[in-house]
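Colleague: I would like to go through this model and hear on what grounds each label rests. Please set the values against the definitions as we go.

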Amino acid sequence: MEAKLMLIKKGAEANLYLEPFTKVLHQAGGGKVIVKTRIPKRYRIKDLDLRLRESRTALEAGLLSDAKRAGVPTPIVYEVDKVGMRIVMEFIEGAQVKQVLDRLGPAEMRKVCRIIGKQIAKLHRAGIIHGDLTTSNMILKSDGKVYFVDFGLGGHDSSTEERGVDLHLLKRALQSTHFRIATRAYAAVISGYRAEFGKGAEEIINRAKEIESRGRYVAKEERAWH
Ligand SMILES: Nc1ncnc2c1ncn2[C@@H]1O[C@H](COP(=O)(O)OP(=O)(O)O)[C@@H](O)[C@H]1O
Ligand SMILES: [Mg+2]
């Protein structure tokens with residue numbers, strides 16, 4: 001079944017397929033869906049791998065819906081298949097922010113980054129950590145909305161530390177992918193974050209700076225036992 005789907009991205013954790021709505025969900029409807037399938041990790045003990053993929057699939061689907069409820073644009077989740085380890089979700093037609101951010105004019109760039117900052121604040125206020133804030137995981141639609149995807153490393157947490165890490169990781173991503181505009185881009189993200197988060201924002205922004213000055217931050221995947 002899977003072999004017939006159209007593969008659009010082969011990742012370390014997951015494969016993504018783009019398919020017509022009707023083919024996957026057997027219901028009437030136009031448009032396309034994305035099917036994200038978590039792939040086995042051969043180096044893990046089989047039982048553990050199954051449990052991890054199952055819980056990550058369920059968690060990611062839940063976070064996509066929670067984020068939407070918090071006012072952050074995310075794809076609609078149509079189906080969570082814990083046996084097949086897959087999420088069927090709305091296909092967001094647009095451009096990866098990674099591909100377009102450097103090409104925008106200064107005012108437009110600032111606007112998009114402010115939106116991103118506001119949306120991160122909305123997530124954080126709702127107790128959600130994205131876990132992988134890079135511009136690859138953001139899609140800019142032609143109506144100006146910025147969709148967040150890939151909550152595969154996310155979770156529920158309201159600590160200053162995890163919120164600070166989220167911001168810090170985005171800063172690092174901007175520095176490595178958009179180095180020419182990184183300083184201005186991050187400043188705009190922070191200005192949006194501050195405006196949306198309100199009281200308490202400063203403590204988190206300062207924590208992000210502190211995390212940076214601590215030196216090398218160990219990524220979530222590397223912190224774990226595997
Ligand atoms: N619902 C979606 N609609 C459109 N594009 C998507 C959607 N979900 C993911 N993508 C695109 O596919 C890429 C990979 O998906 P992602 O969930 O980030 O997988 P990975 O965990 O492998 O990074 C994303 O960077 C994004 O550009
Ligand atoms: Mg991704």
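Colleague: Where does Asp150 lie?

Modeller: Asp150 is in the loop between β9 (146–148) and β10 (155–156). Strands here are DSSP runs of E with at least two residues, helices are runs of H or I with at least four, and both are numbered from the N terminus. The model is predicted, so local features need pLDDT of at least 70 and side-chain atom pairs count only at pLDDT 80 or more, while totals for chains, interfaces and linings use all residues. Residues are numbered from 1 along each chain as its sequence is written, and chains are lettered from A and ligands numbered from 1 in the order in which they are written.

Colleague: Why does Asp150 count as buried?

Modeller: A residue is buried if 20 or more other C-beta atoms lie within 10 Å of its own, exposed if 12 or fewer, and partly exposed in between, with C-beta atoms placed from the backbone. Asp150 has 23 C-beta neighbours inside 10 Å, so it counts as buried. Asp150 also has a positive phi of about 60°, although it is not a glycine.

Colleague: What makes Met85 buried?

Modeller: Met85 has 20 other C-beta atoms within 10 Å and is therefore buried. Met85 sits in the loop between β4 (77–81) and β5. Its phi is positive, about 55°, and Met85 is not a glycine.

Colleague: Why is Phe179 called exposed?

Modeller: Phe179 has 11 other C-beta atoms within 10 Å, so it is exposed. Phe179 is found in the loop between α5 and α6. From Phe179 to Asp102 there are 77 residues in sequence and 9.2 Å in space, C-alpha to C-alpha.

Colleague: Which residues are closest to ligand 1?

Modeller: Gly11, Ile34, Pro75, Ile92 and Asp150 are the closest of the 19 residues that surround ligand 1. A residue is near a molecule if its C-beta atom, placed from the backbone, lies within 6 Å of it. β2 (14–20), β3 (32–38) and β5 (86–90) are the elements that give two or more residues to this shell. The shell divides into nine nonpolar, five polar and five charged residues. In that count Ala, Val, Leu, Ile, Met, Phe, Trp, Tyr, Cys and Pro are nonpolar, Asp, Glu, Lys and Arg are charged, and the others, Gly among them, are polar.

Colleague: From which domains does the shell around ligand 1 draw at least three residues?

Modeller: It draws at least three from each of domain 1 (2–90) and domain 2 (95–223). Those bounds come from an automatic or database domain assignment. Taken over C-alpha atoms, the centres of the two domains are 23 Å apart.

Colleague: How many residues of domain 1 are in contact with domain 2?

Modeller: 15 residues of domain 1 are in contact with 14 residues of domain 2; two residues are in contact if their C-beta atoms, placed from the backbone, lie within 7 Å. Helix α2 (residues 46–69) gives the most to the domain 1 side, with seven residues. That side divides into nine nonpolar, two polar and four charged residues.

Colleague: Which members of the largest nonpolar core touch the most other members?

Modeller: Val112, Ile116, Val146 and Val189 do, in a core of 47 residues. A nonpolar core is a set of buried Ala, Val, Leu, Ile, Met, Phe, Trp, Tyr and Cys residues joined through C-beta atoms within 7 Å. Leaving aside neighbours within four places in sequence, Val112 is in contact with Val97, Leu101, Leu104, Leu140 and Val146.

Colleague: What makes Val97 buried?

Modeller: Val97 has 23 C-beta neighbours inside 10 Å, so it counts as buried. Val97 has its place in helix α3 (residues 97–100).

Colleague: How do you know that the span of α6 is close to the expected one?

Modeller: The expected span is 1.5 Å times one less than the number of residues. Helix α6 (residues 182–197) has 16 residues and reaches 22 Å from its first C-alpha to its last, close to the expected 22 Å. The buried residues of α6 include Ala185, Val189 and Phe197, and its buried residues pack against α4 (106–125), α5 (160–177) and α7 (201–213).
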